[in-house]
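Subject: Structure handover

Hello,

Here is the structure you are taking over. Please open it first, then read the notes below.

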Amino acid sequence: MDHFLYRDGELYAEDVSVRDIARSVGTPFYCYSTATLTRHFTLFDQALDGMDHLVCYAMKANSNQAVLRLMASLGAGVDVVSGGEYARARAAGFDGDKIVFSGVGKTREEMRAALSGGIRQFNLESEPEMHRLNAVALELGVVAPVTVRVNPDVDAKTHEKIATGKSENKFGIPIARAREVYAEIAKLPGLRVVGIDVHIGSQLTDLEPFRQAYRKVADLTRALRSDGHEIIRLDLGGGLGIPYERTNTAPPLPVEYGAMVREELGDLGCEIEIEPGRLIAGNAGILVTEVVYVKHGEGRDFLIVDAAMNDLVRPAMYSAHHDIVPVIEATAGAEQTPYDVVGPVCETGDTFAKQRNLPALAEGDLVAFRSAGAYGAVMASEYNTRPLIPEVLVRDDQFAVIRERPSYEQIIARDIVPDWL
Ligand code: LLP
């Protein structure tokens with residue numbers, strides 16, 4: 001459930017008319033709902049009730065400071081994957097002991113920043129990384145809390161570009177080698193083992209792959225404990241999918257996910273960490289765009305909108321589906337027309353949807369791409385010198401711009417022409 005609903009024939013974000021926001025900030029723009037973000041975090045938090053746990057929001061999904069500030073105020077932890085994300089998390093008010101650092105390519109500088117600023121744990125992904133972190137920690141005279149991300153060789157049954165738990169993927173250490181690697185870590189004085197980490201992919205619509213992976217993690221926990229390691233935390237990653245198409249069967253709910261976690265891991269006495277991103281932010285956001293032209297093509301009609309692949313890249317990159325709805329609700333029984341919905345960028349890949357049935361639309365009409373709160377604004381670029389689009393946050397009957405659209409002058413001013421030219 002989200003808070004983008006029609007009221008008196010027009011789309012509202014909570015108690016604010018989307019059309020009013022468009023009038024005020026111009027199109028295209030992203031619009032997020034505080035109530036939906038809060039609701040999704042709370043669902044996860046409650047799903048793990050009764051187990052010692054921390055929901056570490058995977059901020060790669062949406063890292064706007066206002067969204068992070070909201071998460072911090074709800075008591076969330078945060079999962080970061082770069083020095084930039086670490087800095088954002090600190091700026092938004094997350095204490096170091098709420099920040100988990102993931103990612104396969106952490107640099108010395110990133111390790112130094114996190115060790116100096118405070119960190120809950122590093123999720124290590126390789127042996128070279130483990131040796132480097134040990135060296136950096138010793139240089140700083142501290143001990144780094146670590147888990148090892150294990151690769152359980154489980155098929156997450158999701159899009160190949162976002163599956164991470166198969167042995168051929170670049171992530172983690174093969175689970176079969178984990179005991180050997182933990183034995184190595186125990187010899188390194190700059191590292192202290194706190195647990196195990198696993199993340200098998202994103203947009204999973206079935207609990208079974210999670211269950212298989214977590215069962216392997218439970219076995220490994222027992223084995224590592226018998227080897228003498230202290231395993232106090234299990235980081236189970238993120239990945240629970242969202243319903244992108246309202247007409248499809250919905251993926252499992254957080255409460256079902258939580259019950260499965262309890263079944264598989266509840267008796268180990270470990271603190272459970274999870275790293276959901278998409279499920280918290282995805283359906284808490286829409287992208288609002290205006291129809292620039294309706295072009296009658298060869299046997300098809302193109303709806304050319306003012307948003308493009310640089311603003312929302314998921315359809316071009318993963319052939320992802322986003323529901324598209326008119327901001328002014330179609331009258332009941334209105335005829336549907338198939339449109340190819342495209343942006344203005346000069347490549348055919350700039351296509352949001354092909355032959356999508358929509359009510360008849362005309363120049364100047366507003367439409368909204370749903371489920372655009374995660375991996376939308378964060379993946380945007382300024383390709384074709386199209387300014388990054390504004391982000392707006394709604395709460396009840398108020399809204400605020402939480403990132404402004406840069407002017408052309410600001411964009412151009414970032415380039416530097418050398419004085420020898
Ligand atoms: N933890 C780790 C270590 C991750 O790599 C990810 C996502 C998450 C947590 C959060 O996963 P989520 O709950 O959001 O599924 N850009 C792609 C998604 C990439 C996901 C990368 N890792 C998309 O737009 O579908």
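Start with G118. Leaving out residues up to four places away in sequence, G118 touches Y86 and G96. Contact here means heavy atoms within 4.5 Å. G118 sits in the loop between α5 (108–117) and β8 (121–124). Helices (H or I, at least four residues) and strands (E, at least two) are DSSP runs, numbered from the N terminus. From G118 to E139 is 21 residues in sequence and 16 Å in space, C-alpha to C-alpha.

Some ground rules. This is a predicted model, where local features need pLDDT of at least 70 and side-chain atom pairs count only at pLDDT 80 or more, while totals for chains, interfaces and linings use all residues. Residues are numbered from 1 along each chain as its sequence is written, and side-chain values use heavy atoms, with hydrogens and water left out.

**The ligand**

- S202: a polar side-chain atom is 2.4 Å from a ligand oxygen.
- Y318: a polar side-chain atom is 2.8 Å from a ligand nitrogen.
- K60: a side-chain N or O atom is 3.4 Å from a ligand oxygen.

How much of the ligand does the protein bury? Alone, the ligand exposes 590 Å², and the protein buries 91% of that. Accessible areas come from the Shrake-Rupley method with a 1.4 Å probe; for residues, only the protein chains shown count as cover.

A polar contact is a pair of N or O atoms within 3.5 Å; within protein, one must be able to donate a hydrogen and the other to accept it, and residues adjacent in sequence count only if both atoms are side-chain atoms.

Most residues other than glycine have a negative phi, and most peptide bonds are trans.

Y375 has a positive phi near 60° and is not a glycine. Y375 lies in the loop between β19 (366–369) and β20 (391–395). Is Y375 buried or exposed? Y375 counts as buried because its relative accessibility is 15%. Buried means under 20% relative accessible area, exposed over 50%, and partly exposed in between (1.4 Å probe, protein chains only).

Q355 also has a positive phi, about 50°, without being a glycine. Q355 belongs to strand β18 (residues 351–359). With a relative accessible area of 36%, Q355 is partly exposed.

The peptide bond between T27 and P28 is cis, with omega about -10°. P28 is in the loop between α1 (18–25) and β4 (29–33).

A polar side-chain atom of D340 lies 2.7 Å from the backbone nitrogen of Q355. D340 is in strand β17 (residues 336–342). At 3% relative accessibility, D340 is buried. Beyond its neighbours within four places in sequence, D340 contacts R300, D301, F302, L303, A353, K354 and Q355.

L303 is in strand β15 (residues 301–305). L303 is buried, at 0% relative accessibility. Residues up to four places away aside, L303 touches several others, among them V291, Y339, D340 and L358.

**N151**

N151 lies in strand β9 (residues 144–151). N151 is buried at 6% relative accessibility. A polar atom of the N151 side chain is 3.1 Å from the backbone nitrogen of D153.

**R414**

R414 is in the segment after α12 (408–413). At 54% relative accessibility, R414 counts as exposed. R414 and E263 are 151 residues apart along the chain, with their C-alpha atoms 53 Å apart.

Best wishes
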